[in-house]
Amino acid sequence: MTKKWIGIVLAVFLLAACGAPAPAQPGVETVVAETLVAMTSAAPPVETPAVPEGVLVSANSVNFVISVGLGTSANVESLPEAIITDGPAMASAPAHTKFTLTGYPLQGKFFEPNIYVYPVAEYEAINDSAAQNIQKLRAILASPKPRR
């Protein structure tokens with residue numbers, strides 16, 4: 001009798017399982033949409049590079065920004081090569097560009113607000129002192145020491 005009841009209970013469970021509706025499966029479009037939502041929410045935000053505030057200066061293949069408060073513009077001057085034979089050799093320089101900041105907050109001081117841009121290869125060829133300093137700078141840049 002016990003075997004009979006076990007058989008009946010087992011048959012009832014099997015019939016109930018067969019007659020139960022299958023769980024609803026999401027359609028392909030739902031799976032794709034959920035995947036896209038998960039991917040876009042997990043993606044890191046794209047950082048746009050910060051544009052420095054100030055005045056853009058561009059001349060003779062040189063570009064830089066004069067920070068707010070440092071000046072309002074720059075006058076550009078192309079200076080010719082200067083080879084000094086009867087004075088200190090370190091005064092020799094190739095043709096270069098000089099930028100003079102206008103609107104600089106400190107006026108009438110000993111040093112004027114100038115930025116000089118020299119072509120490195122030509123500067124090394126003309127000025128031995130500059131060539132030595134440029135080599136030292138290259139060595140420092142090639143293997144920087146960690147900050148303490």
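Modeller: Partly exposed means a relative accessible area between the buried limit, under 20%, and the exposed limit, over 50%. This model is predicted.

Biologist: Why is Asn-60 called partly exposed?

Modeller: Asn-60 has a relative accessible area of 44%. Buried needs under 20% and exposed needs over 50%. Asn-60 sits in the loop between strand 1 (54-59) and strand 2 (62-67). Its phi is near 50°, a positive value in a residue other than glycine.

Biologist: What makes Ser-61 exposed?

Modeller: Its relative accessibility is 79%. The cut-off is over 50%, so Ser-61 counts as exposed. Ser-61 also lies in the loop between strand 1 and strand 2. Its phi is positive, about 65°, although Ser-61 is not a glycine.

Biologist: How many aromatic pairs does the structure hold?

Modeller: It holds 4. One of them joins Phe-110 and Phe-111.

Biologist: Why is the pair of Phe-110 and Phe-111 called edge-to-face?

Modeller: The centres are 4.8 Å apart, and the planes stand at 85°. Pairing needs centres within 6.5 Å, and edge-to-face needs over 60 degrees, so both conditions hold. Phe-110 counts as exposed at 73% relative accessibility. Phe-111 is exposed too, at 67%.

Biologist: How do you know that Tyr-116 and Tyr-118 are stacked?

Modeller: Their ring centres lie 6.4 Å apart, with planes at 25°. The limits are 6.5 Å for a pair and under 30 degrees for stacking, so the pair is stacked. Ring pairs link Tyr-116, Tyr-118 and Tyr-123 into a cluster.

Definitions and conventions. Residues are numbered from 1 along each chain as its sequence is written. This is a predicted model: local features need pLDDT of at least 70, side-chain atom pairs count only at pLDDT 80 or more; totals for chains, interfaces and linings use all residues. Side-chain values use heavy atoms; hydrogens and water are left out. Rings of Phe, Tyr and Trp (its six-membered ring) pair if their centres lie within 6.5 Å; planes under 30 degrees apart count as stacked, over 60 as edge-to-face and the rest as tilted. Buried means under 20% relative accessible area, exposed over 50%, partly exposed in between (1.4 Å probe, protein chains only). Helices (H or I, at least four residues) and strands (E, at least two) are DSSP runs, numbered from the N terminus.
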